[in-house]
Amino acid sequence: MAEFTVPRLEKLNSQPEVQKLLKGLLDHPGVQTFLWVGPEGSGKKTYALAMVRSLFCQQGPDCPGCPTCRQVLSKSHPDFFWLERPEGKNEITVESTRELDKKLSNAPFSAPCKVAVIAEADYMNFDSQNAFLKTLEEPPAKSIVILLAEKTGDFLPTVLSRCRQVRFPALPSSTIAGILEKDHGWKKAEAQNAAQEANGNLTMALKLGDESWAQFRDKVCADLDRALQGPDEEWLALVNEYDQWEPDFLEEVERTATQRKSEVLQAALQVYLGLWSRRLSGEVPVPGKLSSLPTGEILECLQKHQDMIPMYLNAKMILDHLFLELREGFKRGELSSRSFMELSVQI
Ligand SMILES: [Zn+2]
């Protein structure tokens, strides 16, 4: 697989609308505080690094990677601050935003401006957002702040009103396939398969080139298909197995049992959704016993349950609920739209 380096902004093309807007801002600076919003894998982090390269680098759009660009990419440039949610933590705390505030208040060291990127800014807790309000309202001269987030619902209205919002739509699968082929050196067929499966998420598509991930996907798809067609004992056993499961793709990162369980289920439903997307497009046949429901409705049901994961925390209950709803649906030939609460009473 080819080594991929984030190029300067001028060379990116996965998000044409965003591209146009940001290039305009490079030519006519003025806005200093941004909120970039879009689903995982839509290119926010890549665009952030690319934009900082373009702001700092003196070598022009074709720069193959001067010392300044390399410092940006390794996030070690003295005028570039990249703040992330710490591994295994569920929030960005007020201490880390205060520290960032302090760093931004000094004049730039060697670049034309200072840039702070807060990745996963939707994990800033309220104290942390409040502490950052003043900076968003009156950013220090020669500084730019970019918040990256998947959704806006967790922000204080005062944060939202102080940032210029830029939307990152999910990437079309043809775009993802093109990026995998051109930038990452994948073979055409592999790139197209992964792009189909990843549902607009480039990060997910890239994972599919990893062997432990591919094994995880194959096992999950086979397991869930079997459990949906088999006797009750089968899915009960599976729910228990998944509740304890630590698949290889989970890196050696410290996480609580609850976090691990919801990560595993999130990933499992993502790959299973990928399989059903390909079934919907007719690319992969639907097993006979699972054909009594419209494929589109099955996809919606899976999506609904995947969306529940961050809200309910109890991964086992969500998997249980999913099986119950689908298995009843297959038997009856229609999906009931009973609410989670109603069904969870029966579990
Ligand atoms: Zn450069």
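**The sheet and its surroundings**

Modeller: Five strands make up an open sheet, ordered β2-β3-β4-β1-β5, with parallel pairing. The model is a predicted one. β2 (80–83) and β5 (164–167) are the edge strands, and each pairs on one side only. On average, neighbouring strands in this sheet are turned by 15° against each other, direction ignored.

Strand β3 (residues 114–118) and strand β4 (residues 143–149) run parallel and are joined by five bridges. Val117 stands opposite Ile146 in β4.

Now the helices on the sheet. Helix α2 (residues 44–56) lies across β1 (33–37), β2, β3 and β4. The angle of α2 to β4 is about 165°. Helix α4 (residues 94–105) lies across β2, β3 and β4. Its angle to β2 is about 170°.

Next, the wider chain. The domain assignment gives domain 1 (9–167) and domain 2 (210–346). Their C-alpha centres lie 35 Å apart.

Helix α10 (residues 211–229) packs against helix α12 (residues 257–280) at an angle of about 75°, and their axes are 9 Å apart. Angles of 65 to 115 degrees count as roughly perpendicular, so α10 and α12 are roughly perpendicular to each other. From α10, the contact uses Phe216, Arg217, Val220, Cys221 and Leu224. From α12 come Ala267, Ala268, Val271, Tyr272 and Leu275. The residues of this contact are nine nonpolar, no polar and one charged.

Note on methods. Residues are numbered from 1 along each chain as its sequence is written. This is a predicted model: local features need pLDDT of at least 70, side-chain atom pairs count only at pLDDT 80 or more; totals for chains, interfaces and linings use all residues. Axes are lines fitted to C-alpha atoms, for helices over the stretch in contact, and angles run from 0 to 180 degrees between N-to-C directions. Helices (H or I, at least four residues) and strands (E, at least two) are DSSP runs, numbered from the N terminus. Angles under 35 degrees count as roughly parallel, over 145 as roughly antiparallel, 65 to 115 as roughly perpendicular and the rest as oblique. Two residues are in contact if their C-beta atoms, placed from the backbone, lie within 7 Å. Ala, Val, Leu, Ile, Met, Phe, Trp, Tyr, Cys and Pro count as nonpolar, Asp, Glu, Lys and Arg as charged, and the others, Gly among them, as polar. Domain bounds come from an automatic or database domain assignment. Two strands pair if DSSP finds at least two bridges between them.
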